[in-house]
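Please read the points below alongside the model.

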Amino acid sequence: MADILSPVVPKNRRCTLERIEKFISHHYFTDVNIFGRLNRSSENIESILHYGPTDRISISTVIQDLSAFKPVKTGDSFGPTFSTHWFILSFEVLSSWKDEDVELEWDSGCEAMLWRDEVPFFSFTPQEDEGCRKSYRLSKEEKKQKRLQYVVEMACNRELGEGSPTMISPPDMNKKFSLNKVRINVKNKDLEAIFLDLQVLYDITKTLGENNQRGIEAMFVGNQIINTLVMQEWSDHAVKESRDLSKSYFSERNHKLQHHVHAMGHCHIDCAWLWPYSETRRKCARSWVSVLNIMKRYPDFTFVCSQAQQFAWVKSDYPQLFEEIKTQVKNGRFIPVGGTWVEMDGNLPSGESMMMQFFYGQKFFREEFGITCDEFWLPDTFGYSGNFPQIMKESGIDCFLTQKLSWNLVNKFPHHTFYWQGIDGSRQLTHFPPGESYGMSMKAEELMKTLNNHKDKGRSNSSIFLFGFGDGGGGPNDFMLERFERMKDTAGLPRVEMSTPKKFFEEVKTKSSNLCSWVGELFLELHNGSYTSQAMIKEQNRKCEVLLHDLQLLCTMAWCYSRYNSNKYNYPHEEINEIWKKFLLNQFHDVLPGTSIEMVTTDALKLYDEVIVTAAILMKKGKGSLGFGDSGGVCPVVINTLPWKRKEVVSVKGELAYVECQATGYQEITDCNYTSAVVALEMENGDLMLCNGLIECRFDKCGRMVSLCIMTSQNGVVCKQECVAKDKYANQFVIFDDVPLYWDAWDVMDYHLQTGKHVTELVEPLCLSGQSKLQVSCKFSLMVGKKSKITQTISLDVGSPLVKFKTEVSWNEDHKFLKVEFPWNIQTNRATYEIQYGHIERPNHQNTSWESAKFEVWAHKWADLSQHNLGVSILNDSKYGYSCFGNTMRLSLLRSPKSPDANADMGDHVFTYAVMPHKGTFQESEVIQQAYQLNYPMLVDYTSCRTLGYSFAKVSRKEIILESCMKSQMHSNAVLIRLYESYGSSVQDVTISFPNLNIEKVHRCNTLEDLKGEIKVEGNSFTVNFTPFQIKSFICTCYIITSLE
């Protein structure tokens, strides 16, 4: 008879593997497995006092009246969503806890902060890690007390909001949260260590597979540990023997040439998304207090953190916490990264907005921490502009990290470590973590994906590994750090070490070779509906970009003028800084794209209103210092904030005038001569024709453009070149079904293009609505969809190459997409689109999957379709979405997604777009200048006395755009100007002059106003050269102004 105790060799991998899984499971067999033994004992806290609900108020306010707290018990529920509740917990400290690991467990199914003596020191989260949640471990000092008392601030929301029924649905605003567990646990720290050993062994076994020696060994070790514990009835000897088994396995070291993984704690926190800005302020504190707590127990742990705005919130709201952060920054463990105010959208902000993101972000990090970020950190943004490499370079950045292109729907991006080259030739060392996440959990599976997925092996042997819960905060936890300790250098896995971005990028620079390059934009093949969602947000963004440009220029002019006439005007640095920061916050990558809940949209629009109101007050003061703003003034003046002389039609006290104004200055309004008046004619078939001697256009009763001709004269004969495709209509509204696969406000899918319906249902046919020698206009109305209406006014001005379309839409559709299309009489295989400080070309065909994935693209103020001798541009004042296939261009106008904001875009909208036909190239025809003029209208004001006019700054070449002008923040008696080459050409001997300033010296500088070399000054001007799309900033130190006339 065989011995029943003789060993039986396990041969069934599935059974053995599943045995380990069930032994550590928090769902199965917890009455006998190791998970059910992690606590030696547990005791509920009975003394719980409650106060609430409240708004997000300070703890000092809450504890002023302790009589307001009332007893509650475990199992009670609290709400509603996004409210705050306060609890006082009291319990006796037992002497038996002295040598034990004792933890306070709080489980309310939502986020919470733990306070002691009005100082935050720990946070609780509903996030689970293999069935475990983080709990607060009592310190030795606390265990010496007789009784402990804490305050818990409970936020009625989870990390990723309260969308219902899906995560991205609008939030359930009436949700309640129960006190599931409020107790003291005495931990079995030895079994907890074995539990973590088994977790890692199980993960290694699954990840490495049945044909890998180390994977098989991990399974056998795990099985042996279980046998040891069970056979020896969980004795101390069994526990020690089990730990020795796992330590023996993990101590097998890696080969020195194994792939090197640089691990960094990370906690991506959206400034707003499925929760409002005000909740993010608390999310930052909850997440970072947890990070600091971990640093006390794990001395090698490093943590990277971006977004200066979030640091500023914590500094304001949690000053003690901020001081702890500063200490760990100094220690090199809490590492600020990115260099921007927020992790902004990578497509829609203007170039100047991006520069100011870096200016305010780097300025904060320099002032608070004494550091300048070397790396740009933008892991979750929906695409990356082709001019980012240069903008980074100008802002002190030489490396870039993201991972979002791993979300591409169609094409797999071919690199993880490479050089990214921008439209000007600037290059940035770029890394996409091959684990394809910024919130990993320190699992063997993730480490092996990091190794196996790396597409540049052989060129680079290093990767970044970012771990910690993210999006809604949370960050790393102890369990992740414990898994790291076991896996950091064990055979079969990559070598892992706690590291920093600087260490990683330095290693790549010194040890990598033959890295590939990617030229041009990093286009995300997903989320391209975000170019259009929440039209009001995008309109206000453009409006504020224009307003801030004009404000800074006029305040700079006023400051210079005040030094001449001693009127004591002080440049409003503090006020301008404040509104810039508010504005930049709204460029966060879930706010400007329009992919947040309705609460966020409401908050963002309020911030825009604050920016606009404050800017208007500051503008009025600046104008007043210049002698404008006299409501009773008899002399009207026109102000031109653009750096070239321009002529256009303006309204002066309700009357139209055709005026001229010199560059970057102002001038008394006088009527200008014009060659040909604008006329309107009704055709026999009912069409209306508008003509101004430059262009002639014809529209049918539905407002569709039947013809658009460029008019030229040859030998006294007027020639017309038709731009509209034969037998087609331009300015044709089209409505599409718009139902994406999941990400409602984010995505529009290519199949929407198969569902288009022309909008032709007339409410009011086209008729003449205004006629003078300076401007003619006509108007019509259409029903669109089932519940919406379009009213459009088409106008043509004297001397203008633009046909303008002022469009008013009452929009009440569900999952529809409104566009306007223009089929042109043009044959080409590419279109051109304006981006930050330049433009790029994209294909208008679908030859490859890369090209077909660009069925909806983004641009700023204009897009152009041209052949050699003919082109047409579409200009706009607040839109960003375009599509172009063959000869048909479409401008995206409005969407109507229902998640995460059920009311997105519902209501009334007003916007203007224009078409500009041209004979030469779009550069020669000044499309770029016309797009600026559409967005930066001349300002009309009044003064009590006549003025000859004044030009503050001039640029000698039209290729060069003076993009911004402001008083320097870092240098006294100096003006900062920023220019860029807009045509894509090399331009020599560009003279920048200040006709009425005495310039002492000029320095080239970067975005941060660091001086980079002195430029020779000749009188009131200096001369420099530009390469294609080059951005140049200068600090101009000046004496007093000589005169305003």
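**Notes on the predicted model**

1. Strand β2 (residues 47-54) and β5 run antiparallel and are joined by 6 bridges. Strands here are DSSP E runs of at least two residues, helices are H or I runs of at least four, and both are numbered from the N terminus; two strands pair if DSSP finds at least two bridges between them. In this pairing L49 stands opposite I88 in β5.

2. The model is predicted, so local features need pLDDT of at least 70 and side-chain atom pairs count only at pLDDT 80 or more, while totals for chains, interfaces and linings use all residues. Residues are numbered from 1 along each chain as its sequence is written, and side-chain values use heavy atoms, with hydrogens and water left out.

3. β5 also runs antiparallel to strand β10 (residues 147-155), with 9 bridges between them. Here S90 stands opposite Q149 in β10. Of the 9 residues of β5 (residues 84-92), 8 are buried (under 20% relative accessible area; exposed is over 50%, partly exposed in between; 1.4 Å probe, protein chains only).

4. The largest nonpolar core has 275 residues, and F334, M705, V803, W824 and I977 touch the most other members. A nonpolar core is a set of buried Ala, Val, Leu, Ile, Met, Phe, Trp, Tyr and Cys residues joined through side-chain atoms within 4.5 Å. Helix α15 (residues 535-565) gives the most to this core, 15 residues. A second, separate core of 30 residues includes V102, W106, M154 and V186.

5. P643 lies in the loop between β23 (635-640) and β24 (646-652). Is P643 buried or exposed? P643 is buried, at 7% relative accessible area. Leaving aside neighbours within four places in sequence, P643 is in contact (heavy atoms within 4.5 Å) with A663, T664, V955 and L962.

6. There are 10 cavities of 30 Å³ or more. A cavity is a set of points on a 1 Å grid over the protein atoms alone where a 1.4 Å probe fits but cannot get out, and lining residues have an atom within 4 Å of a point. Points are joined across faces, edges and corners, and a volume is the space filled by probe spheres set on them.

7. The largest cavity holds about 230 Å³. Of its 24 lining residues, S350, E545, K861, Y936 and E963 are the closest to its centre. α15 supplies the largest share of this lining, 6 residues.

Terms used. 1 Å grid on protein atoms, 1.4 Å probe; cavity = no way out; pocket = protein on both sides within 12 Å on 5 of 7 lines; lining within 4 Å.
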